[in-house]
Amino acid sequence: MEQKLRILHLEDSRNDAELIRENLADEGIDCDIALVDTREGFVAAIERGGFDLILADYKLPLFDGLSALAIRQEQCPDVPFVFVSGQIGEERAIESLKSGATDYVIKDRLSRLVPAVNRALAEAKERTRRMQAEKDREKLVHELQEALARVKTLSGMLPICASCKKIRDDKGYWSQIESYISRHSDAEFTHGMCPDCEKKAYEELKIMKRNAT
């Protein structure tokens, strides 16, 4: 079962708040709504957190939507913010969008509410997806940089014995080449024989058998 949509609603009119709740319910949006009508109540709700969406009236007796938007921008900028107001003209609507609001709906046209809510939630989800993709990319780059740094530890001049192929480390000790590489990288070794060595071993085995007879 899908989790209920958690909405913080800044609204001083109980009648308008109920109309908005009914509009959302009629369109199949299952939600829990925390209703506040003061700055103190809004700030306290924001500090509790856990909201998927903020709806706000533009003008209240003791508070205003733009101030609420500014608090949201500072405290939880990823939560979509939609104005639902009867007192917002085109200029104010443009101002609100420039200030970070996701959308605005006129109370006389609540038929736009659910499409606006769905679009706001979809944009928030896509933004979260992009942020996660960026984090994954940064993690991959970091891992590749670490891998490259490990590889670079094997760069430069390495003193190697021309006969036994041991490598001398920076402390003057001689080690088998596979031991040296294992200590300085994440490489692991499996042992086998190349075709030339197989041929040489086969020839030596034939000579040993011939000498034994």
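# Close-up views of a predicted model

**View 1. Phenylalanine 42 and its surroundings.** Once neighbours within four places in sequence are set aside, phenylalanine 42 is in contact with Leu8, Leu10, Val36, Ile54, Phe63, Ala68, Ile71 and Phe81. The model shown here, as in every view below, is a predicted one. Phenylalanine 42 is buried, its relative accessible area being 0%. Among the 22 residues that make up the largest nonpolar core, those touching the most other members are Leu8, Leu10, Phe42, Ile54, Phe81 and Phe83. At least two residues of this core come from each of strand 1 (5-10), helix 2, strand 3, helix 3 and strand 4 (81-85).

**View 2. The aromatic pairs.** Three aromatic pairs are found when the whole structure is searched. In one of them, the ring centres of phenylalanine 42 and phenylalanine 63 lie 6.1 Å apart with their planes at 55°, so this pair is tilted. Because phenylalanine 42 belongs to helix 2 (residues 39-48) and phenylalanine 63 to the loop between strand 3 (53-56) and helix 3 (65-75), the pair ties together parts that are 21 residues apart in sequence. Phenylalanine 63 counts as buried, at 6% relative accessibility. For phenylalanine 81 and phenylalanine 83, the ring centres are 5.1 Å apart and the planes stand at 65°, so the pair is edge-to-face; the angle passes the limit of 60 degrees, over which a pair is given that name. Phenylalanine 81 and phenylalanine 83 are both buried, and ring pairs link Tyr58, Phe81 and Phe83 into a cluster.

View 3. Helix 2 has Phe42, Ala45 and Ile46 as its buried residues. These residues cover an arc of only 100° around the axis, which means that they sit on the same side of helix 2. An α-helix has 3.6 residues a turn, so residues three or four places apart point the same way. The other side of helix 2 carries Glu40, Glu47 and Arg48, which are exposed. The cover over the buried residues of helix 2 includes strand 1, strand 2 (31-36), strand 3, helix 3 and strand 4. After helix 2 comes glycine 49, whose phi is positive, near 75°.

**View 4. Leucine 60 in the loop between strand 3 and helix 3.** Leucine 60 is placed in the loop that runs between strand 3 and helix 3, and with a relative accessible area of 4% this leucine is buried. When residues up to four places away in sequence are not counted, leucine 60 touches Leu10, Glu11, Asp12 and Asp37. The C-alpha atoms of leucine 60 and serine 13 are separated by 9.1 Å, although these two residues are 47 residues apart along the chain.

**View 5. Threonine 102 and leucine 97.** Threonine 102 is found in the loop between helix 4 (90-98) and strand 5 (103-106), where this threonine is buried with a relative accessible area of 16%. Apart from neighbours within four places in sequence, threonine 102 is in contact with Arg72, Pro80, Phe81, Val82, Leu97, Arg119, Ala120 and Glu123. Leucine 97, which is found in helix 4, is partly exposed, with a relative accessible area of 37%. Leaving out residues up to four places away in sequence, leucine 97 touches Thr102, Asp103 and Tyr104. From C-alpha to C-alpha, leucine 97 and valine 82 are 9.4 Å apart in space, and they are 15 residues apart in sequence.

**View 6. The whole chain, for orientation.** The chain contains seven helices and seven strands, which follow the pattern β-α-β-α-β-α-β-α-β-α-β-β-α-α when read along the sequence. Of its 213 residues, 28% count as buried. Among the contacts in the chain with a separation of 6 or more, 60% are between residues 24 or more positions apart. The accessible surface of the chain comes to about 14,800 Å², and 51% of that surface belongs to carbon and sulfur atoms. The average pLDDT of the chain is 85, with 86% of the residues scoring at least 70. Confidence is highest in strand 3, at 98, and lowest in helix 6 (residues 177-184), at a mean of 70.

How values were computed
Residues are numbered from 1 along each chain as its sequence is written. This is a predicted model: local features need pLDDT of at least 70, side-chain atom pairs count only at pLDDT 80 or more; totals for chains, interfaces and linings use all residues. Side-chain values use heavy atoms; hydrogens and water are left out. Rings of Phe, Tyr and Trp (its six-membered ring) pair if their centres lie within 6.5 Å; planes under 30 degrees apart count as stacked, over 60 as edge-to-face and the rest as tilted. Helices (H or I, at least four residues) and strands (E, at least two) are DSSP runs, numbered from the N terminus. Buried means under 20% relative accessible area, exposed over 50%, partly exposed in between (1.4 Å probe, protein chains only). A nonpolar core is a set of buried Ala, Val, Leu, Ile, Met, Phe, Trp, Tyr and Cys residues joined through side-chain atoms within 4.5 Å. Contact means heavy atoms within 4.5 Å. The arc is that of the directions from the helix axis to the C-beta atoms. Accessible areas come from the Shrake-Rupley method with a 1.4 Å probe; for residues, only the protein chains shown count as cover. pLDDT is the predictor's confidence in each residue, from 0 to 100.
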